[in-house]
Every structure is written in structure tokens, then in C-alpha cells.
Amino acid sequence: MRTWWVVSMVVAAGVLGACSGEVGPSGGEDSPASQGPSSNDGASSGTSSSGSNAPGETAPPEPTLDDIFKSLKSGEEQRKELCARGGTNRVTQMMCGASAPKIESLADLQGALGLAFQSPNSTGRNANGQNGNPGFVLSGHSSSLVARYTSAINPRAIVFSPQGGANLVAMGFVRGEQFAEIVARDSSQNGLRFFLVAFKQACNAAPGGCTPGELLTPAIEKGWTSVTIYEDTDVKNTIFDCTHCHQTAGTNTPKMLRFQELQNPWTHFFRDNTPGGQALLADYHAAHGRAEGYGPIPANQIDSSDPARLESFVRGAGFAAQPNEFLTSRIEQEVRQSAPSQPGNNTTPGTSPTWQGLYSKFVAGAAIAPPYHDVKVTDPTKLAAMTSAYQQFLGGSLEASKLPDIRDVLLGAAAVDMGLAAKPGLDGKGLLVQMCQSCHNPNLDQTISRARFDVTKLATMSREEKEVAISRLRLASTNPAKMPPSRFRTLTDAEIGLVEAELRR
Ligand code: HEC
Ligand code: HEC
């Protein structure tokens, strides 16, 4: 307890010092390479604007993994820590031999977990979860840790064991992030265990750090120079905490698989025979063509993405009851009724009373953000520009080092409905509930420093704690101590003012 307090004071002090020098130009917005996707190796560039980026307009610069994991172990030291916990699951089996396994690519990692694509030439539905292949899906939108970075042009891949049971394992990956997320069933500890696989590439050691060309193309899937595996408990007091979404009912309840769009037509998931799935596949192929694999699902199997298989995986593991489930068929129907050009053309956003009900629970702090109501989360103009850039890169007329941040395609107007920005019109208290409570509530581990800020206990919270919160709100988005973390949410200056006033009362 005591040590956390000290650490947090140091962080806060560092923060205040850095803050005054960082108010600077709200620039960098048009230079994705400089604000790079987890671009450099620790050195914050310090050129960010404060919390006033229009969310969805541009992905705000963010602290790197190294910034956030500074206090954590890495490499062999972390491997020993992980292995000392014992257990019988695919991850510890992979990691805890006499020495660390050789993992230099995403394919190596999948192979070591028993998720290799053994039949790369199978096609159609047979390619998926059959003939030695793992199950797999791609999605054009996510409500997870990587929500802000997922779209049809930069999809999230989930690759999983075809059978659940004792060897259940699943991996999530999206380009741009130097990590993969894993869940594995532990047969000796009788439950699910969650792991974050953080890796580095040669570019991490380069002076300018990694560029979009190294992070948003097949380059990120290989050439790994190091791999460190953390468990959820190692990262629970960081913004990479898994439990606030995968163990929402409290620290002593079972951890769960999540799939908010559990049912046909699985709105945001690629599938070659649903209207939404087809629209997303079309956007994906427009940029990536037909010869590039992803995640690394073989190129000729991308169209075999099958959310029905993920559905049976999740149901089979006992998680048919999803909190605040996104009722795919009904929501898609309502959206199409209100905006008939959906899902292919999303310029007129759809509306859905069913979705509104889910969103209200999120606003009330009772659930994580539901997925966006429309199939596409992309701004057609931005998407066209990034598609063309990626095509030029593939064709060789654009050097990798000049590739823009192709994740910068989100529809600005959708930021609120995607949960990246606050619902307009909330007061200070309402903003705290919507923007902070999912990570600051009594269901989470109460022994870590984060628990000192509990949105449900504002009335009895100390003045000191409220001041700590105030000091966090206006930090630059590159600052690891920024609240809310820019990976998840952004407040406007006016909203920060309302939250501050509430905390000063
Ligand atoms: C903000 C909420 C959130 C956080 C934080 C989060 N997840 Fe998830 N996770 C989800 C959701 C929602 C899904 C379902 C697919 C999607 O929306 O992309 C998911 C899916 C997954 C999957 C695929 C299997 C499944 O459950 O469907 C894995 C593996 C996974 N997460 C691992 C992790 C790990 C490891 C961490 C922590 C390092 C983590 N997640 C943190 C929300 C979250
Ligand atoms: C995605 C999860 C997440 C969200 C959303 C979030 N926080 Fe945090 N917060 C954390 C984590 C993790 C920590 C612990 C690490 C740290 O101190 O930076 C933390 C730490 C804090 C602390 C320091 C507590 C202490 O005494 O050490 C304060 C204060 C805080 N957050 C306030 C806020 C406010 C205010 C909001 C909303 C405007 C918010 N947070 C939104 C995850 C989150």
C-alpha cells in the first residue's frame, strides 16, 4: 500500500513538472509519424495538445508501453515471475521450460500456443477451425482495449483454439500495437487467465522510434527483437488492466470471455454472407488487396472469417450471458429503417432505440461502452485517402517510411456514440460517472492505488484525492498519468472545467 502511494506521488510530481512545458502547440495532428502509434522507446515527444483533441478527428498521441510499464519487470525477470505462479495452460506451458522459447513473430507466437495455420490452402468455411487451422475472425470495430485503433482498414484479428475445454486459448491482435492479448483456460487453477504479450521490433531502438510503415503493415508481425509476457495481475494498476472488462462483477467472480455482438449477424465482424460483414470485407480488400495476410491469417482465408465460430467458442466456454449484449439483428434492423443506405453507406448515421438502451447503461457507469450502432465506424473521405495511401505502399510507389497513420479514419461525429467522447450535456458528476467509473469502482481490486479514486464515493472522498484527480485532467495526452487515458476517452476543455468544478465542491 505504502509503496504505491510513493510511486504515485513521484508520478504526480513528474507530471506537474512536465505539464507546464507541454501545453505547446496543438500541433502534430497532421503528422502521424511524429505522434506515432506507440512510436518511440520511452522518450515522450511532449508536443501534444491538452485534452482538447476532437476525439475521432485524429488519434491523440499516447504514452508508449514503456512509459506505462516503467515500474514493471521485463524479459527474463518477468518470465521467472510469471512461471513462479505455476498453473497448467497454453501460455505457461509455452513460457516455462528451462529457457524462454524463441518467439520472433506473431506466427511463432501462434505456433507456440497451438494456434498455427496448418492448412493455409483450405478455402471457404472449411478453412476456419478445421483441417488443423485455428478458429479466426476479423472485426472492423472493437469495444476493447484497442477500440480507438480498430476499423475495417486496420481490423482486430482474434485467433482461437477450435475446441474449448482444457486447452482453450484465444489471441487478439491489431496492427499498430506492439502487443497481443491472450486468454487461456488453466486446468489446474480452474478458470481463465489473461496475458499481455508485449514485443519490440528493431525500430524501437532507432532514434525516431517506429513509424506507421513499421507498425501498420505486415512488418509488425515479424522481426520481433524481444517478448515479455505479463499477466492481468501484473498490469492491473495500469491502463492495460484486463479485469475492468473481463471481470466486471467483482474480484472474486470468475473472469469471462467477452463478445458483445454474440449473435447472427455479428454486426462488426467480417463475414462473407452478411450485409455488414460484406461491407467491411470490401473496405478491407480495397486497401489490402487479395494477396496480403493479416494477423497473420493467410490472404486467401480472410473471407473465411467466421464470427459464428467465435460465438460457439464463447458459448461453449459458458459465457452466453454477455453483460449489456448488443442485439445485432434488432439493432441492424432499426438502423436500416432509420437510414436506408446503411450499412454500405454510413454518411447518414442510423438510430436505434435498442442501442440507446445499451448506451444509457454505459452513461450510468453500469457497463462498458457498447459497440457503435452502425456497421462502419469510418469517415468515407478519410478512409478513401488512407486506402489510396496503402494501395500506393503495396504497389511500391509510396515508401513504407512515408505511410500515414492509416488508423486515422474514424468518423469524428461517431466519437460520442463509440464512447470515446462524453455524451453532450452531462454535468460534472455525470461526466465522472460516464468517463471514469468503469475503471474506478468498488468491484475492482481495492488494494491498489487506483482504488483511492472511487467515483461511487465522491461524497466521502478526501480533498487531497480530489486534488490528485484535478491535477491529472489537464495533463498532455502523451503523459502516462493523464486521466481519462487518451487510449480510451477524451474530454473537451469545457468538460474538464465541469469535472474540476465538481471535484472542488
Ligand atoms: C475496455 C474493455 C476491455 C479491456 C480493457 C480488455 N478487453 Fe479483452 N475484450 C473486450 C471485448 C469487448 C472483447 C470482444 C471483442 C471485441 O470487442 O473486440 C474482448 C475480447 C478479448 C479476447 C478474445 C476472446 C474473447 O474474450 O472474446 C481476448 C483474448 C482478450 N479480449 C484479452 C484481453 C486481455 C489480455 C486484456 C488485458 C491486457 C483485455 N482483453 C482487456 C474488452 C476488453
Ligand atoms: C481505462 C481505465 C481508466 C479510466 C477510464 C480512468 N482511469 Fe483513472 N486510473 C486508471 C489507472 C489504471 C490508474 C492507476 C495508474 C495511475 O496512477 O496512473 C488510475 C489512476 C487515477 C488516479 C490516481 C489515484 C491515486 O490516488 O493514485 C486518479 C485521481 C484518477 N485515475 C482519476 C481519474 C478520472 C478523474 C477519470 C475520468 C475523468 C479517470 N481516472 C478515468 C485507469 C482509468
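## Before you start

Because the model is predicted, local features need pLDDT of at least 70 and side-chain atom pairs count only at pLDDT 80 or more, while totals for chains, interfaces and linings use all residues. Residues are numbered from 1 along each chain as its sequence is written, chains are lettered from A and ligands numbered from 1 in the order in which they are written, and side-chain values use heavy atoms, with hydrogens and water left out.

Helices (H or I, at least four residues) and strands (E, at least two) are DSSP runs, numbered from the N terminus.

Let us begin with ligand 1. The space that it takes is the largest cavity. Here a cavity is a set of points, on a 1 Å grid over the protein atoms alone, where a 1.4 Å probe fits but cannot get out, and a molecule sits in it if more than half of its atoms lie within 2 Å of its grid points. The elements that give two or more residues to the shell around ligand 1 are β2 (156-160), β4 (179-186), β5 (191-201) and α9 (243-246). In total, 22 residues surround this ligand, the closest being S142, C242, C245, H246 and R258; a residue belongs to the surroundings if one of its heavy atoms lies within 4 Å.

H246, in helix α9, is the only protein donor of the iron atom of ligand 1, through NE2 at 2.1 Å. Donors are N, O and S atoms within 2.8 Å of the metal (3.2 Å for Na, K and Ca); water is not among the atoms, so sites may look incomplete. A polar side-chain atom of H246 also lies 2.9 Å from a nitrogen atom of ligand 1.

## The iron site of ligand 2

Now for ligand 2, whose iron atom is coordinated by H440 (NE2) and M483 (SD), at 2.0 to 2.3 Å. H440 lies in the loop between α15 (428-436) and α16 (463-473) and M483 in the loop between α16 and α17 (493-504), so the pair ties together parts that are 43 residues apart in sequence.

Buried means under 20% relative accessible area, exposed over 50%, and partly exposed in between (1.4 Å probe, protein chains only). The peptide bond from M483 to P484 is cis, with omega near -10°.

## The shell around ligand 2

Here 23 residues surround the ligand, and the closest are C436, C439, H440, E465 and M483. Which helix gives the most to this shell? That is α16, with five residues. Helices α15 and α16 each supply at least two.

For E465, an N or O atom in the side chain is 2.8 Å from an oxygen atom of the ligand.

## Loops worth a look

Q342 sits in the loop between α12 (328-338) and α13 (353-363) and is buried, at 5% relative accessibility. Its side chain makes a polar contact (a pair of N or O atoms within 3.5 Å; within protein, one must be able to donate a hydrogen and the other to accept it, and residues adjacent in sequence count only if both atoms are side-chain atoms) with the side chain of D374 at 2.9 Å. The side chain of Q342 also reaches the backbone oxygen of T348 at 2.9 Å.

The loop between α9 and α10 (275-288) holds P265, and the peptide bond from N264 to P265 is cis, with omega near 10°. W266 lies in the loop between α9 and α10; it has a positive phi of about 45° although it is not a glycine, and it is buried at 5% relative accessibility. N190, in the loop between β4 and β5, has a positive phi near 55° but is exposed, at 71%.

Note on methods: 1 Å grid on protein atoms, 1.4 Å probe; cavity = no way out; pocket = protein on both sides within 12 Å on 5 of 7 lines; lining within 4 Å.
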